[in-house]
Amino acid sequence: MRGLALHYVGKYATTRAKLATYLNRKIRERGWDDEKQADIEALVNSFSELGYINDTQFAEARGRAFVRRGYGKRRLDEDLRAAGIEDGDSVSARDFAETSEFIAAENFARRKRIGPFAQEIASEERRRKNMQAFLRAGHGWELARLFVNADPGDVINEN
């Protein structure tokens, strides 16, 4: 089992919860023929102590990636929760996402060619769809409205 775990953490950036889920799945799939029960929790703790996995660093990297890709804090929260990151390990990632909120929204608008980054003025139907996309990306209503209602070429300042 240790070999499986080493292969997994060597190949993927992972969290404690994801590693435990992976090992449990592999035991179910392949069976466990040892007399004593597999101690997955001890193995995960050992890997964490050795520095092979670090939930805080994983969360911080995910937070930076989400801001670059234009996703908001709410979307990051959902992703970290799905990855099994505990609240204590995600504080700095959430703080970074919160302080970079405007940058993330600007990145999203640029990537999706919304508002000031669009080629032409959007119709009401297009604005509605852009607003929905902004909200699905985890941005707040006011910030999304600021970008969606902007015309191509407008300069939007962080206020």
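Biologist: What does the accessible surface of the chain come to, and what share belongs to carbon and sulfur atoms?

Modeller: The accessible surface of the chain comes to about 9,900 Å², as found by the Shrake-Rupley method with a 1.4 Å probe, where for residues only the protein chains shown count as cover. Carbon and sulfur atoms hold 45% of this surface. Please note that this is a predicted model, in which local features need pLDDT of at least 70 and side-chain atom pairs count only at pLDDT 80 or more, while totals for chains, interfaces and linings use all residues. Residues are numbered from 1 along each chain as its sequence is written, and side-chain values use heavy atoms, with hydrogens and water left out.

Biologist: How many helices and strands does the chain have?

Modeller: Helices (H or I, at least four residues) and strands (E, at least two) are DSSP runs, numbered from the N terminus. The chain has nine helices and zero strands.

Biologist: Is the chain a compact globule or more spread out?

Modeller: The radius of gyration, taken over C-alpha atoms, is set against a globule rule of 2.2 Å times the number of residues to the power 0.38. Here the radius is 21 Å, well over the 15 Å that the rule gives for 159 residues, so the chain is more spread out than a compact globule. Its C-alpha trace spans about 70 × 30 × 20 Å along the principal axes.

Biologist: How is a pair of aromatic rings described?

Modeller: A pair of aromatic rings is described by the distance of the centres and the angle of the planes. Rings of Phe, Tyr and Trp (its six-membered ring) pair if their centres lie within 6.5 Å; planes under 30 degrees apart count as stacked, over 60 as edge-to-face and the rest as tilted. By this rule the count comes to seven aromatic pairs. In one of them, the rings of F66 and Y71 have centres 5.4 Å apart and planes at 55 degrees, so this pair is tilted. The rings of F134 and F147 have centres 6.0 Å apart and planes at 15 degrees, so that pair is stacked. The latter links distant parts of the chain, with F134 in helix α8 (residues 124–136) and F147 in helix α9 (residues 141–148), 13 residues apart.

Biologist: Are F134 and F147 buried or exposed?

Modeller: Buried means under 20% relative accessible area, exposed over 50%, and partly exposed in between (1.4 Å probe, protein chains only). F134 is buried at 0%, and F147 is buried at 1%.
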